[in-house]
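Keep the viewer open and follow along.

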Amino acid sequence: MAEQRRKLIAMLAVVVRGLSDLPSILPAASALAKRHVDYGARPEHYPVVGAALLWTLERGLGPQWTSEAASAWTAAYSTLSSFMIAEAYGSVQAAE
């Protein structure tokens, strides 16, 4: 779990740094999405992970978790997860 935690934090840092230039993070997000298929991730898991991420950020940031931060993180996760689902499952369906 420590390794997974490290990877998650590293990916979150990449996402935060790349939000002002979304195309710069899409190749890494695409590769990550395709790897997650091999781990057994399914499209219906993404909303659950998003809810857990937002809950964790809210608890971790405390008073710094504003409605603006919540909206921004929700939009960022929604955009990225939609892209990742399309990349992972579009490529799997095309291969069939």
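**Starting with the first helix**

Helices are DSSP runs of H or I, at least four residues, numbered from the N terminus.

A quick word on ground rules: this is a predicted model, where local features need pLDDT of at least 70 and side-chain atom pairs count only at pLDDT 80 or more, while totals for chains, interfaces and linings use all residues. Residues are numbered from 1 along each chain as its sequence is written, and side-chain values use heavy atoms, with hydrogens and water left out.

Back to α1. Its buried residues are Leu 12, Val 15 and Gly 18. Looking down the axis of α1, you see them fall within an arc of 135°, so they line one face of the helix; the arc is that of the directions from the helix axis to the C-beta atoms. With 17 residues, α1 reaches 24 Å from its first C-alpha to its last, close to the 24 Å expected at 1.5 Å a residue. That expected span is 1.5 Å times one less than the number of residues.

Pro 23 is exposed, with a relative accessible area of 58%.

In α2, what is buried? The residues are Ala 29, Ser 30, Leu 32 and Ala 33. They fall within an arc of 165° seen down the axis of α2, so they line one face of the helix. Pro 27 and Asp 38 are exposed on the face of α2 turned away from that buried side. The 13 residues of α2 should span 18 Å at 1.5 Å a residue, and the end C-alpha atoms are 19 Å apart, which agrees. Just after α2, Gly 40 takes a positive phi of about 95°.

Arg 42 sits in the loop between α2 and α3 and is partly exposed, with a relative accessible area of 43%. Arg 42 and Ala 88 are 46 residues apart in sequence, yet their C-alpha atoms are 9.2 Å apart in space.

His 45 belongs to α3 and is partly exposed too, at a relative accessible area of 36%. Further along α3, the buried residues include Tyr 46, Gly 50, Leu 53, Leu 54 and Leu 57. These cover an arc of only 95° around the axis, which puts them on the same side of α3. Just after α3 comes Gly 62, with a positive phi of about 55°.

Nonpolar side chains tend to be buried together in soluble globular proteins. In this model, the largest nonpolar core has 19 residues, and Tyr 46, Trp 65, Trp 73, Leu 80 and Met 84 touch the most other members. Each of α1, α2, α3 and α4 supplies at least two residues of this core, and α4 gives the most, with seven residues. A nonpolar core is a set of buried Ala, Val, Leu, Ile, Met, Phe, Trp, Tyr and Cys residues joined through side-chain atoms within 4.5 Å.

Phe 83 is also in α4, but Phe 83 is partly exposed, with a relative accessible area of 23%.

Now for the open space. The largest pocket holds about 1,100 Å³. A pocket is an open set of points on a 1 Å grid over the protein atoms alone, where a 1.4 Å probe fits, with protein on both sides within 12 Å along at least five of seven lines; lining residues have an atom within 4 Å of a point. Grid points are joined across faces, edges and corners, and the volume is the space filled by probe spheres set on the points.

Which residues lie nearest the centre of the largest pocket? They are Leu 8, Met 11, Leu 32, His 36 and Val 49, from a lining of 27 residues. The largest share of that lining, eight residues, comes from α1. By class, the lining has 19 nonpolar, five polar and three charged residues; Ala, Val, Leu, Ile, Met, Phe, Trp, Tyr, Cys and Pro count as nonpolar, Asp, Glu, Lys and Arg as charged, and the others, Gly among them, as polar.

Note on methods: Buried < 20%, exposed > 50% of the residue type's maximum accessible area, 1.4 Å probe, protein only.
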